Every structure is written in structure tokens, then in C-alpha cells.
Amino acid sequence: NVGSVLLVFWQNLRVLVLAMVLGLFTFGVVGVFPLLATMAVAGYLLGLLSNNGISVLPLVTGMILPHGIIEIPAAILATASVLRTGAILASPMPGKTIGEVWLAALADWARLMLGVVVPLLLVAACVEVWVTPQIALLVFGN
């Protein structure tokens, strides 16, 4: 149902907004951690399964790839924007106050989030809730 889509969408959006908040106080460095942690956990679990003789290809194609092909680039774009914002805040701009630079960097991040990342996350949430389970059933059988 639509409620499930909104829950998945809100979780993904909340993590990316948290990354921006963390990045503002650390010049973008800590803003990378949510993406790195997600990729590390996924890689660890897939490696663990593979080391125990379980084929990870059906798992990846059936449960991660359908929505991940949309969601992962959106997360990478949002994280790159956090890093860019941190780099802008760390570099002096002649003739501008830190508040003006901060506001412009935040506006650039918000423009990317609203124009690109949020629509991608919404599409990825729809695919994750409505399409991925169907593909997983096809891959893993009944």
C-alpha cells in the first residue's frame, strides 16, 4: 500500500538529511558516514554469505538491484552534495561572510535534493515496495 512506500521513502530521506546535518558541523566529513555504513553492512553480509557457500547473485539480483539501481545513485548524489557543501564552507570566499556562503551552499544542497534526489528516492521506494518483492519471488521461487 501507499503507507509502506511512504515509510521506506521517509527512512531514506531522513538518513540523507541527517547526513547533511552532520556534514554541516564537520565540513562534510561525517556526512559521508551514513552512506559508507550502509555499503559496509551490505558488503559484509554479502561477503559472509559468500564465504559460507551461499550464492549471493540471486540475492543481489532479486532483493537489492531492482530498487538499488535507483536508490544508490540518489544516495551518492546527496552524499557528494554534502561533501561539496563542506568544501565550500572550508574554503574562504573573498567578499562574502560565512553566513552568506553557508546559506548559498545550503540552497545548492536543497536544490539538488528537491530536484533530483527526492524524486529518485520516491521512485526507488515505489519499486522497493511494489516491484522488488515480485522479482524476489520470481528469483527464489515460491
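Guide: Helices (H or I, at least four residues) and strands (E, at least two) are DSSP runs, numbered from the N terminus. With that in hand, the elements of the protein chain run α-α-α-α from the N terminus on, and the secondary structure comes to four helices and zero strands.

Visitor: Before we go on, where do the values come from?

Guide: This is a predicted model, in which local features need pLDDT of at least 70 and side-chain atom pairs count only at pLDDT 80 or more, while totals for chains, interfaces and linings use all residues. Residues are numbered from 1 along each chain as its sequence is written, and side-chain values use heavy atoms, with hydrogens and water left out.

Visitor: OK, what box do the C-alpha atoms fill?

Guide: Taken along the principal axes, the C-alpha atoms of the protein chain fill a box of roughly 65 × 35 × 15 Å.

Visitor: And how many of the residues count as buried?

Guide: Of the 142 residues in the protein chain, 31% count as buried, where buried means under 20% relative accessible area, exposed over 50% and partly exposed in between, with a 1.4 Å probe and protein chains only.

Visitor: Which residues form the nonpolar patch on the surface?

Guide: Val2, Leu6, Trp130 and Val131 form that patch, with about 370 Å² of accessible area together. The elements giving two or more residues to the nonpolar patch are α1 (2-25) and α4 (98-140). Areas come from the Shrake-Rupley method with a 1.4 Å probe, and for residues only the protein chains shown count as cover.

Visitor: Why does leucine 6 count as partly exposed?

Guide: Leucine 6, which lies in helix α1, counts as partly exposed because its relative accessibility is 47%.

Visitor: Switching topic, what is in contact with histidine 67?

Guide: Leaving aside its neighbours within four places in sequence, histidine 67 is in contact (heavy atoms within 4.5 Å) with Ala124, Val127, Glu128 and Thr132. Histidine 67 is found in helix α3 (residues 57-90) and, at 11% relative accessibility, counts as buried.

Visitor: Last one: where is phenylalanine 27 found?

Guide: Phenylalanine 27 is found in the loop between α1 and α2 (33-51), and it has a positive phi of about 55° although it is not a glycine. Most residues other than glycine have a negative phi.

Methods:
Patch = residues over 30% accessible without salt bridge, like charges linked within 9 Å, V, L, I, M, F, W, Y side chains within 5 Å. Salt bridge = Lys/Arg side-chain N within 4 Å of Asp/Glu carboxyl O.
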